[in-house]
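Here is a short tour for you, with the structure to follow along in.

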Amino acid sequence: MEYAIETSPLETVQSDCLIVGVYLDHQLTASANLVDQSTQGLISKILKRGDISGKVGETVLINAIPESAIERILLVGLGENKVLTGKNYIKAVLSAINNLKKTPITNVVVALADADVIAQNRQWKTRQIVEVFSDALYQFTAFKSNKETDSKIEKISITSPEAELGFAESGLLQGKAIAEGINLTKLLGDLPGNICTPSYLAEQAIQLSITYPSLKVSILEEADMAELGMGALLSVSRGSRQPAKLITLDYRGGEANAKPIVLIGKGLTFDAGGISLKPGLGMDEMKYDMCGGASVLGTLLAAAQLQLPLNIVGLIPSSENMPDGDANKPGDILTSMSGKTIEVLNTDAEGRLLLCDTLTYAERFNPDVVIDMATLTGACLVALGRIPSGLLGNSDALCNDLLAASETANDSLWRLPLWEEYQEQLKSNFADLANIGGKDAGTITAACFLSQFAESFNWAHLDIAGTAWRTGNNKGATGRPVPLLSQYLLNRAYG
Ligand code: BES
Ligand code: MN
Ligand code: ZN
């Protein structure tokens with residue numbers, strides 16, 4: 001897909017389709033007004049007829065325009081003629097692209113960024129068009145015999161006045177980089193577990209470091225991890241024929257002495273539950289249990305492409321969780337890299353076993369902050385559904401930075417408490433702590449477990465069990481939380 005900025009006057013631009021916004025009560029945006037004038041009042045006429053009222057996301061495709069160089073016009077409702085909320089802007093942009101999918105249109109000109117949006121400039125508005133269009137046009141056809149996609153669109157031009165070209169151009173660059181990161185994350189998520197193994201993820205990290213030489217990759221093998229004493233992580237992969245990998249991507253775009261931002265992503269390429277086997281219904285979706293790891297890859301791709309002036313370390317512990325004669329058993333006691341012993345009361349609570357050793361490993365990078373993301377608990381879906389990711393952490397400053405970024409990126413978060421009282425639930429009769437905290441507050445007790453390995457740095461945990469993929473007819477990876485993390489990094493770099 002080609003994305004570009006277009007500064008020539010709207011009515012002179014050649015395209016298969018021009019997308020302009022209209023408001024309620026027959027009011028036109030500046031671009032709609034221009035087009036209206038160059039088409040003898042065509043848009044006004046259609047509004048008067050009542051074919052579109054102007055509600056947010058409503059659309060009408062005008063596909064024959066007499067005596068005009070414009071082939072088609074897509075009118076998109078933007079709601080009341082006042083400053084839009086970011087959410088409504090995104091809703092309108094999404095509706096626009098969804099309405100062009102099953103048409104023969106190959107190139108479009110989008111004039112929606114001239115609508116005013118609360119607290120956002122043209123950079124953000126341009127970037128959102130790229131991100132939303134790219135997201136909507138993604139289709140996973142790798143294993144379909146017929147690889148034809150719904151959309152024929154090849155080129156998307158986003159209009160900008162000459163005076164705001166700088167904002168538009170930087171929004172375009174950011175949008176393209178973030179969209180590419182999201183695409184990689186979605187692709188890896190949608191790949192099945194028999195293809196996307198820990199070794200495959202490691203290979204993807206190596207490929208990424210070849211494409212972006214600013215990303216230095218290193219892979220720890222099981223023998224390396226054994227030497228480090230990663231008894232918790234290795235106990236999970238013991239039950240699998242696929243060897244575990246601990247992937248490190250090191251990006252040094254900042255000052256040599258600046259402490260890095262460490263991103264950790266759970267990379268469970270298939271979670272059968274182990275001996276505490278999961279029920280069969282919906283188990284296929286446990287191929288998505290590596291989406292945290294894929295988000296780390298996607299975010300580092302965006303950071304490298306944007307050459308952000310930051311130091312960032314990505315860590316991806318990757319394994320399968322399978323039932324096997326050598327698998328973890330309930331009651332087993334492990335010694336983690338930190339020295340803390342863990343009683344495995346449920347082998348399906350494996351994510352925290354990978355993450356705890358990776359958190360300990362993160363200490364050696366002398367992190368400024370550590371952010372982990374994991375499809376960690378089904379309880380997160382019970383608590384929050386599929387709208388926000390869960391946020392927990394030991395640093396209010398970091399949590400607030402993430403909440404602010406999530407707002408801008410339209411990639412929502414909801415913070416849950418990490419009060420000390422909950423730690424009680426992790427007590428074990430036989431080891432330093434148990435790997436589960438009983439049926440109450442499962443998302444919080446999982447984070448409590450992790451917090452015991454994150455005491456020496458500022459740390460936040462994102463539970464993305466409800467947000468990393470969609471279930472049902474529309475099953476597929478979402479690429480979240482790449483938008484949020486990219487925004488956090490942009491804020492850290494330039495905010
Ligand atoms: N990967 C799962 C969490 C999960 C389940 C994410 C369903 C999305 C949808 C995780 O490894 C897991 O199995 N967690 C257990 C923890 C429990 C045993 C304390 C869970 O949520 O059931
Ligand atoms: Mn599990
Ligand atoms: Zn899991």
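What follows looks at a strand, a helix residue and some aromatic pairs in this predicted model.

Let's start with strand 2, which covers residues 17-22; six of its six residues are buried, so the rest of the structure largely encloses it. In a regular strand, side chains alternate between the two faces of the sheet. Here C17, I19 and G21 point one way, while L18, V20 and V22 point the other way, and all are buried.

Strand 2 has parallel partners. With strand 4 (residues 73-77) it pairs over five bridges, and L18 has I73 as its bridge partner there. Three bridges join strand 2 to strand 5 (residues 107-110), also in parallel, with I19 standing opposite V110.

## A glutamate in helix 4

Is E131 buried or exposed? This residue belongs to helix 4 (residues 122-137), and its relative accessibility of 7% is below the 20% cut-off, so E131 counts as buried. Leaving aside residues up to four places away in sequence, E131 touches G175, I178, I182 and P483.

## Aromatic pairs

The structure holds six aromatic pairs. One of them is stacked: Y288 and W469 sit 5.1 Å apart, centre to centre, with 15° between the planes. Y288 lies in the loop between strand 10 and helix 9 and W469 in strand 19, so the pair ties together parts that are 181 residues apart in sequence. Y288 is buried at 2% relative accessibility, and W469 is buried at 6%.

F449 and F453 form a tilted pair, at 5.4 Å centre to centre and 40° between the planes. F449 is buried at 0% and F453 is buried at 3%. K340 lies over the face of F453, 5.4 Å from the ring centre.

Definitions and conventions: Residues are numbered from 1 along each chain as its sequence is written. Chains are lettered from A and ligands numbered from 1 in the order in which they are written. This is a predicted model: local features need pLDDT of at least 70, side-chain atom pairs count only at pLDDT 80 or more; totals for chains, interfaces and linings use all residues. Side-chain values use heavy atoms; hydrogens and water are left out. Buried means under 20% relative accessible area, exposed over 50%, partly exposed in between (1.4 Å probe, protein chains only). Helices (H or I, at least four residues) and strands (E, at least two) are DSSP runs, numbered from the N terminus. Two strands pair if DSSP finds at least two bridges between them. Contact means heavy atoms within 4.5 Å. Rings of Phe, Tyr and Trp (its six-membered ring) pair if their centres lie within 6.5 Å; planes under 30 degrees apart count as stacked, over 60 as edge-to-face and the rest as tilted. A charge sits over a ring if NZ of Lys or CZ of Arg is within 6 Å of the ring centre and within 35 degrees of the ring normal.
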